[in-house]
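Let's take a look around this protein together. Have the sequence and the 3D view ready as you read.

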Amino acid sequence: MADIARPLRRSRASSGGARFWPRLFLVLDVMIVVAVAAAAGAMFWLYPEVWSQFYTGLGYGWIPALMWSGGALVTLRYRAGSLVRSWNLWLAGAIAATLSIGILSFFDASYGPLAFVGMAGRWGNAAMGDSMVWGLARLAPLVVVLPLLLSARKAGRGYWLTLSYTGKGLWLATLYTALGVAYVASAIGRGIASLFRSETRPRWITATVSSPVRLFRGLTGSSGRKAQPVVAEVSAPVMDEHEDPSPDANQPSSPASFSSGSKWKLPSLDLLAPAEMRTVDDRPLKEMAENIENALADHGVQVEVADIKSGPRIVRFGLQPGWVEKRGAAKEGEAPSAQSRVKVQSILARERDLSLAISSPSVRFEQVPGEALLGLEIPTPSPSKVTMREIMDGQDFRKIVTKGGLPIALGADAGGDPVAMDLAALPHMMIAGATGSGKSVCINSIVASMLLTKPPDQLRMLMVDPKQVELTPFNGIPHLVLPVITEVDEVSPMLRGLIREMTRRYKSMAEIGTRNISGYNAKSKDPMPYLVLIVDELADLMLVGGFEIEQSLVRLAQLGRAAGIHLVLATQRPSVKVVTGLLKANIPSRVAFAVASQVDARVILDSVGAEKLLGKGDMLLLNNDAPKPRRVQGTLVLDDEIEKLVGFWLDQKGPALPPINLEDDVEDGELGDSVDETLVDRARELALRNPHLTSSLLERRLKIGGNRAEQIIEVLEDEGLLIPR
């Protein structure tokens with residue numbers, strides 16, 4: 001059989017380290033052995049009872065056991081191929097060690113701890129039994145097998161094949177056990193390598209990460225075949241998790257899973273500020289828990305703090321109601337009265353007393369989802385920030401990216417766990433909050449999340465910023481279909497054009513026979529990008545556009561998801577005239593920051609609680625995944641990070657993007673002199689209410705003739721306001 005260790009020597013010689021690496025690993029092996037021996041000696045020296053248990057386990061039988069196992073480990077490390085070629089000799093050695101242990105168990109020491117259990121210790125005595133006859137009967141098969149192993153080929157073909165397959169099975173078990181250890185070593189090495197940039201990473205890190213696996217290349221048994229593909233995958237060069245596999249060394253590294261085969265380069269996560277180390281001191285939290293229990297007990301309310309979770313801005317104490325005796329004392333000679341749980345309402349009624357006792361102006365109660373606990377949320381004594389990098393490095397965010405969705409790094413929940421959402425699954429979002437509550441920062445974090453993960457050929461954006469402050473810095477990036485709209489009068493034509501684009505997309509999907517944008521992109525040669533409409537101040541649009549703006553947004557919210565069109569609407573005045581019932585019915589995912597009153601909280605969330613938030617990113621998130629809003633601390637994206645991100649996209653010149661026409665096709669005089677533009681505006685309002693509008697109904701409502709009605713119907717169908725007949 002060919003020397004299966006030859007690929008290892010060849011790979012080392014070709015890399016120029018034929019002498020250095022063997023010596024390095026030999027030194028490391030010796031250091032590990034010395035360290036383990038020193039640790040064992042120290043343990044036996046400090047704890048004599050451990051040495052006594054170890055010594056009496058096998059007694060003098062430890063000598064043959066350690067000799068065989070030590071020789072096998074050294075051979076596996078440096079001459080692994082001999083385990084395959086001489087498997088019968090190694091198996092014979094194991095049997096010989098077992099026979100020596102069994103024979104030692106028949107002799108007793110004259111004194112000492114082995115005087116009562118035999119020179120093979122407690123384990124050898126238990127294996128052989130108290131009777132020498134039965135012990136010899138157990139050793140007899142091994143005595144028969146041992147000489148046959150030493151001359152196995154002369155004992156017959158059937159016997160040889162049986163032992164051969166047994167040896168191969170033992171070898172494969174050893175091999176895959178070693179491969180499992182190699183996988184673990186490689187994973188640890190990848191974690192170490194991820195701490196270094198690809199430009200500054202020392203070469204010895206990459207070599208050391210892959211070297212444990214090279215030991216097993218070419219080992220598949222005794223046939224000398226090539227290595228299995230799984231081994232080659234483990235021994236592949238280790239790349240940084242943010243390293244771009246392209247050969248362009250000047251391009252900053254970016255997550256490989258974010259690229260999705262686009263010709264555009266994605267920005268590196270190094271543009272974002274690093275995550276802050278969050279430390280939690282248990283002492284003040286335990287003191288606060290005792291103060292909560294004592295404060296409620298002073299008012300006759302027995303509770304127990306069963307759970308404490310500390311987040312970046314708040315601490316949630318899980319209160320478990322105690323027991324109280326039922327009313328009415330037991331009569332003499334009768335059993336004592338039964339007990340009942342403390343009512344939750346009695347705990348909620350002590351909110352102000354509790355706030356005064358723990359010196360916290362902000363106290364909020366909420367039932368803990370999935371647990372029989374009442375959550376008490378108060379500000380943490382050591383608040384911290386939630387950075388974009390912290391959330392984007394989380395597992396949930398990367399799963400959304402891998403799935404191909406529109407990831408949004410929202411923040412961290414009450415326990416400090418990252419919160420990431422998929423806008424494509426929401427599919428729309430409504431954001432409300434007073435001035436300074438963190439609403440604009442949340443919008444910037446949403447935009448930054450998509451700019452870091454989606455190239456412009458997969459995502460296009462439309463931005464409306466009547467305040468001309470928050471979204472205008474994004475002007476010029478290739479993701480924008482139009483420059484940021486700052487004039488409210490330009491919003492209605494843009495929404496009509498967006499509805500026409502949605503209608504065109506539905507026609508294209510119907511031609512191919514798909515139901516949504518994902519199926520269309522999987523079959524079509526010209527995939528359609530996602531379209532995201534972001535409005536920073538919805539109240540200004542509703543004030544000027546009124547009914548037409550509302551109906552256009554409702555139409556997009558109803559039908560936009562399958563066409564890849566998603567809405568992100570924000571306002572700082574969540575009144576019933578701005579956040580209407582139709583909008584709320586079609587946008588179930590809502591985010592509420594600190595608001596002025598309970599009325600505003602009910603408008604956006606249909607429940608109270610937002611009026612007690614702390615501000616500066618403290619939010620309540622309501623979506624389809626949870627029946628009640630959950631508290632989240634929003635991510636903080638700095639102006640410097642936004643500038644770097646925008647600068648990256650402005651400096652990049654990628655391939656041409658397919659045009660998206662949102663211009664209003666209806667111009668003055670296009671319908672002829674016989675049709676007034678005011679009639680078309682009135683017809684648009686009717687079409688927004690009824691997408692199945694017919695020419696006969698239009699004749700009756702507008703009191704016009706049949707020809708004019710047909711002309712207007714054709715215009716409305718071209719604009720996408722009507723479902724084609």
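Which residues does Trp 264 touch, leaving aside those up to four places away in sequence?

## Before we start

This is a predicted model, where local features need pLDDT of at least 70, side-chain atom pairs count only at pLDDT 80 or more, and totals for chains, interfaces and linings use all residues. Residues are numbered from 1 along each chain as its sequence is written, and side-chain values use heavy atoms, leaving out hydrogens and water.

## Trp 264 and its neighbours

Back to the question: Trp 264 touches Pro 455, Pro 456, Asp 457, Pro 478, Trp 649, Gln 652, Gly 654, Pro 655 and Leu 657. Contact here means heavy atoms within 4.5 Å. Pro 455 sits 191 residues away along the chain, yet its C-alpha atom is 6.0 Å from that of Trp 264.

Is Trp 264 buried or exposed? Trp 264 counts as buried because its relative accessibility is 6%; buried means under 20% relative accessible area, exposed over 50%, and partly exposed in between, using a 1.4 Å probe and protein chains only.

## His 428

His 428 has a relative accessible area of 0%, so it is buried too. Its side chain reaches two backbone atoms: the oxygen of Ala 557 at 3.1 Å and the nitrogen of Leu 567 at 3.0 Å.

Setting aside residues up to four places away in sequence, His 428 touches several others, including Leu 423, Ile 565, Asn 586 and Ser 589. Both Ala 557 and Leu 567 are also among the residues it touches.

Note on methods:
Polar contact = N/O pair within 3.5 Å; in protein donor to acceptor, adjacent residues only side chain to side chain.
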